[in-house]
Amino acid sequence: FEDFKYITEHHDIGFMMFPAYGKGFEIGDKKAYKDILLTSANSLASRFNPKVGTIRSWSNKMHPRWQQHITIIDNMLNLELLFWAAKNGGDAKMFDIAVTHAETTMKNHFREDLTSWHVLEYDSISGAVLNRHTKQGYADDSRWSRGQAWGVYGYTMVYKETKDKRFLEFAEKLADKYISLLPEDRVPCWDFDVASDPKEEKDASAAAVVAAALLDLSELSEDKEKQVFYYNEALKMLQSLGSTSYSAVGKADSFLLHSTGAKSLGHEIDVALIYADYYYIEALSRLKNLQNK
């Protein structure tokens, strides 16, 4: 899907290109991927609105319900592509765009209790927040579990790239909040606000995303107790995901079962999802590297 590098009508180009071409470049030594990644980063950066301070996630024709500048919490994961581009021959402004997006999201996207909304609608001219909604969560004011996971992972990654202590402190607060909401098996319901109903589906993808982030936090945190805490929590999550309750081994052509993409939209309910597998393998890889150290 090399031609995806030219996509400018939505933000998912970061999700689409960096896990494939970025890891291919870094791990597989695919030097030819560099230009593909830089073009992809330019396409993503074209969606940045300096008046708002974020990258616009969706366009009006995709989501006519929202007419202004839409930014979703998922967008934090796309910043990794911009950070990479700034370090590998791309325009240095990519770094600034990523940092500004993270700062604006940190300011506007989170409630006082450190949980996040899914969708924010900004005035594209003034930058004012117009509305806070959800698309994949249970309700506008509910706590969609993978949205919380994107926040934990996103701000951990931003700290890795910037070494700005603000982002480390925020990542730790988001992680602590997320962990406090978990059930005994460490795999959340698809939305924390429906978790009291045993019939509601789980989301293994959220657990995989956070496990990968916590292993990084276990190295990045400056508090020794937090290092141990995050490592142990990640281990519990991975042990649960690797158990017969969630493992797809011998059951399906995937690594994990029981993920939920968008129950509120009526699709991807209690299924295997490719991004659940991706972050699960990333988490296991990080765990192996930590143990080798």
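**Figure 1. Leu114 lies in the loop between helix H4 (93-108) and strand S4 (119-122).** Helices (H or I, at least four residues) and strands (E, at least two) are DSSP runs, numbered from the N terminus. The model is predicted: local features need pLDDT of at least 70 and side-chain atom pairs pLDDT 80 or more, whereas totals for chains, interfaces and linings use all residues. Residues are numbered from 1 along each chain as its sequence is written, and side-chain values use heavy atoms, leaving out hydrogens and water. The backbone of Leu114 has a phi near 75 degrees, a positive value in a residue other than glycine. With a relative accessibility of 23%, Leu114 is classed as partly exposed (buried is under 20% relative accessible area, exposed over 50%, partly exposed in between, with a 1.4 Å probe and protein chains only).

**Figure 2. Strands S4 and S5 form an antiparallel pair.** Four bridges join S4 and S5, where pairing requires that DSSP finds at least two bridges between two strands.

**Figure 3. Lys163 sits in the loop between H5 and H6.** The phi angle of Lys163 is near 60 degrees, which is a positive value in a residue other than glycine.

**Figure 4. A salt bridge joins Arg143 and Asp193.** A salt bridge places a side-chain nitrogen of Lys or Arg within 4 Å of a carboxyl oxygen of Asp or Glu. There are 19 salt bridges in the structure. In the pair of Arg143 and Asp193, the closest N and O atoms are 3.0 Å apart. Arg143 belongs to the loop between strand S5 (129-133) and helix H5 (145-162), and Asp193 to the loop between helix H6 (165-180) and helix H7 (204-220), so this pair ties together parts that are 50 residues apart in sequence. Asp193 is partly exposed, at a relative accessible area of 37%.

**Figure 5. Glu233 and Arg186 are partners in a salt bridge.** Their closest N and O atoms are 2.8 Å apart. The pair links distant parts of the chain, 47 residues apart: Glu233 is in helix H8 (residues 224-241) and Arg186 in the loop between H6 and H7. Both Glu233 and Arg186 are buried.

**Figure 6. Glu219 makes a salt bridge with Lys293.** The closest N and O atoms of Glu219 and Lys293 are 2.8 Å apart. Since Glu219 is in helix H7 and Lys293 in the segment after helix H9 (274-292), the pair ties together parts that are 74 residues apart in sequence. Glu219 is partly exposed, with a relative accessible area of 41%, whereas Lys293 is exposed, with 73%. Elsewhere, salt bridges with shared partners connect Lys160, Asp216, Glu282 and Arg286 in one network.

**Figure 7. The largest pocket holds about 720 Å³ of space.** On a 1 Å grid over the protein atoms alone, a pocket is an open set of points where a 1.4 Å probe fits, with protein on both sides within 12 Å along at least five of seven lines, and lining residues have an atom within 4 Å of a point. Its volume is the space filled by probe spheres set on the points, which are joined across faces, edges and corners. In the largest pocket the lining comprises 26 residues, and those nearest the centre are Asp12, Phe15, Met16, Ile274 and Tyr275. At least two lining residues come from each of helix H1 (13-26), H5 and H9. By class, the lining has 16 nonpolar, five polar and five charged residues (nonpolar: Ala, Val, Leu, Ile, Met, Phe, Trp, Tyr, Cys and Pro; charged: Asp, Glu, Lys and Arg; polar: the others, Gly among them).

Figure 8. Two or more lining residues are given by each of H1, helix H3 (79-87), H5 and H9. H9 gives the most, with six residues. The lining of the second largest pocket divides into eight charged, six nonpolar and two polar residues.

**Figure 9. Ser240 is part of helix H8.** The relative accessible area of Ser240 is 11%, and this residue is buried. Leaving aside residues up to four places away in sequence, Ser240 touches Asp185, Val187 and Tyr246, where contact means heavy atoms within 4.5 Å.
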